[in-house]
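User: I have a chain open here and would like to talk it through with you. Could we settle what a contact is before we go into the details?

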Amino acid sequence: MSTLQQAAKLAVSDGVPARALMMAAIIGTILNTINQGDVILHAGHMNWLKLALTYLTPYVVSTHGAVMAKLRMLRAA
């Protein structure tokens, strides 16, 4: 199995998506409040692309970190 296939399999297994989703919800909400708090408070125009990227980024970073740690552990074993 190639490293990319192994990484893809690890990214959707063993609770990785659930933990990444939890981190994205927490960190994304904090970042969105910082980045667009004035829009939220004053009922301005919400930038939906910025909102989506604010939640997607911590999800991807969390998933990447988990997969890299698992790959490192598999190589050491």
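Analyst: Contact here means heavy atoms within 4.5 Å. Please keep in mind throughout that this is a predicted model.

User: Is T63 buried or exposed?

Analyst: T63 counts as buried, because its relative accessibility is 12% and the cut-off for buried is under 20%.

User: Let me step back. How many helices and strands does the chain have?

Analyst: The chain has 3 helices and 0 strands, and reading along the sequence gives the pattern α-α-α. The radius of gyration is 16 Å, well over the 11 Å that the globule rule gives for 77 residues, so the chain is more spread out than a compact globule. Taken along the principal axes, the C-alpha atoms fill a box of roughly 55 × 20 × 15 Å.

User: And what percentage of the residues count as buried?

Analyst: Of the 77 residues of the chain, 25% count as buried.

User: Which helix has a kink, and where is the kink centred?

Analyst: That is helix α2, residues 16–41, where a kink of about 70° is centred on N35.

User: Which residues of α2 are buried, and what covers them?

Analyst: The buried residues in α2 are V16, A20, A24, G28, N32, Q36, G37 and V39, and what covers them includes α1 (3–11) and α3 (48–76).

User: What are the C-alpha distances from A24 to T57 and to V61?

Analyst: The C-alpha atoms of T57 and A24 are separated by 7.6 Å, although the two residues are 33 residues apart along the chain. For A24 and V61, 37 residues apart in sequence, the C-alpha to C-alpha distance is 9.1 Å. T57 has its place in helix α3 and is partly exposed, with a relative accessible area of 44%.

User: Now α3 as a whole: what span does it reach, and what span is expected?

Analyst: With 29 residues, α3 reaches 42 Å from its first C-alpha to its last, which is close to the 42 Å expected at 1.5 Å a residue. At the start of α3, a side-chain oxygen of N47 comes to within 3.2 Å of the backbone nitrogen of L49.

User: Which residues of α3 are buried?

Analyst: The buried residues of α3 are L51, T54, P58, T63, V67, K70 and L71, and what covers them includes α1 and α2.

User: Which residues make up the largest nonpolar core?

Analyst: The largest nonpolar core has 5 residues in all, namely A7, L10, A11, V67 and L71. The elements that give two or more residues to this core are α1 and α3, with the largest share, 3 residues, coming from α1. Within this picture, A7 touches V67 and L71, not counting residues up to four places away in sequence.

User: Last topic, backbone angles. Where is D14, and what is its phi?

Analyst: D14 sits in the loop between α1 and α2 and has a positive phi of about 55°, although D14 is not a glycine. D14 is exposed, with a relative accessible area of 58%.

User: And A43: where is it, and is it buried or exposed?

Analyst: A43 is found in the loop between α2 and α3, where it is exposed, with a relative accessible area of 72%.

How values were computed:
Residues numbered from 1 in each chain as written. Predicted model: local features only at pLDDT ≥ 70, side-chain atom pairs only at ≥ 80, totals over all residues. Heavy atoms only, no water. Bend = angle between axes of the 7 residues up to and from the residue. Helix = DSSP H or I, 4+ residues; strand = E, 2+ residues; numbered from the N terminus. Buried < 20%, exposed > 50% of the residue type's maximum accessible area, 1.4 Å probe, protein only. Expected span 1.5 Å × (residues − 1). Polar contact = N/O pair within 3.5 Å; in protein donor to acceptor, adjacent residues only side chain to side chain. Core = buried A, V, L, I, M, F, W, Y, C linked by side-chain atoms within 4.5 Å. Rg over C-alpha atoms; globule rule 2.2 N^0.38 Å.
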